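Dear colleague,

Please find the structure below, followed by notes on what was found in it.

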Amino acid sequence: IPGASPSSASAQSQPDWTGFYALARGKDLGSFKPVNPNLHEVIVAHLQPWARAKMEATDGIADDPGGTCQPDGIFRYPTFAGSFLWLPSADKILIVYNEINTAGVERVYLNRQHPKNLLPTWNGDSIGHWEGDTLVVDTIGFNDKSWLQPGMEPHSEETHLIQRIRQVGNGGYIEITTKVEDYQALTSAYTYSRYYKRTGESMSENVCAEDPQIWKDFRNKALKPHLAHSREVK
């Protein structure tokens with residue numbers, strides 16, 4: 001298109017991957033072989049000493065952001081039990097996670113760079129560009145409140161996420177290869193890949209802790225050690 005910028009031309013020529021995708025496991029993986037399936041061990045091997053100490057001192061129930069009405073963040077949810085709705089438009093792609101109240105919505109902007117002086121947020125700021133049939137997503141601007149995985153692995157505000165996303169398996173799957181850098185919390189970067197199977201056009205409602213009894217049981221379990229400690233102090 002004459003006069004069009006590279007970013008707008010790229011956006012207009014992007015493939016249409018619209019649909020709902022779920023993490024492929026077991027027989028759904030077929031011949032696909034994810035890189036670093038045991039991600040917790042990989043991350044722990046890359047943690048700086050202070051980050052490992054923080055992980056070991058974390059209460060996996062009481063300090064769990066996803067279980068205390070805070071987001072899980074985009075590191076943890078998509079790779080552990082994730083599903084998402086892929087919604088492309090001319091200037092951005094929306095990745096709407098199924099547990100929207102814990103992982104939220106990732107907005108991948110195709111027509112701009114990262115803003116200067118970003119305020120740290122749970123999901124950071126994502127920009128993308130196309131390299132052939134692969135979408136390359138660059139995300140920075142994270143806060144340090146989320147975990148890298150459910151194993152309580154911490155990260156800092158310097159975390160840098162690079163994802164290479166492409167369609168595989170005759171168009172029925174999306175492959176996401178991710179590189180995580182964090183010079184404060186990690187000794188070096190680590191990489192992993194996951195596959196997501198397209199299962200439909202739309203996403204059903206999924207609300208975290210909608211059952212009040214489940215929420216009460218979770219809350220009581222989380223508060224139990226703190227209540228015991230308060231009694232000892234008294």
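Strand S2 (residues 83–88) pairs with strand S3 (residues 92–97) in the antiparallel sense over five bridges, and Leu 85 stands opposite Val 96 in S3. Three residues lie between S2 and S3, which form a hairpin. On pairing, the criterion is at least two bridges found by DSSP between two strands; strands (E, at least two residues) and helices (H or I, at least four) are DSSP runs numbered from the N terminus.

This is a predicted model, in which local features need pLDDT of at least 70 and side-chain atom pairs count only at pLDDT 80 or more, while totals for chains, interfaces and linings use all residues. Residues are numbered from 1 along each chain as its sequence is written, and side-chain values use heavy atoms, with hydrogens and water left out.

S3 also pairs with strand S4 (residues 105–109), again antiparallel and over five bridges; here Ile 95 stands opposite Glu 106. Nine strands close into a barrel in the order S1-S2-S3-S4-S5-S6-S7-S8-S9, with mixed pairing. Strand S1 (residues 19–23) and strand S9 (residues 190–200) are antiparallel and share four bridges, with Ala 22 opposite Lys 197.

The rings of Trp 17 and Trp 130 are edge-to-face, because their centres are 5.3 Å apart and their planes at 75 degrees. Trp 17 is in the loop between helix H1 (6–12) and S1, and Trp 130 is in strand S5 (residues 125–131), 113 residues apart. Both Trp 17 and Trp 130 are buried. Phe 84 and Tyr 97 have ring centres 6.3 Å apart and planes at 80 degrees, so this pair is edge-to-face; both residues are buried. One aromatic cluster is formed by Trp 17, Tyr 21, Phe 84, Trp 86, Tyr 97, Trp 130 and Tyr 196.

Regards

Definitions and conventions
Rings of Phe, Tyr and Trp (its six-membered ring) pair if their centres lie within 6.5 Å; planes under 30 degrees apart count as stacked, over 60 as edge-to-face and the rest as tilted. Buried means under 20% relative accessible area, exposed over 50%, partly exposed in between (1.4 Å probe, protein chains only).
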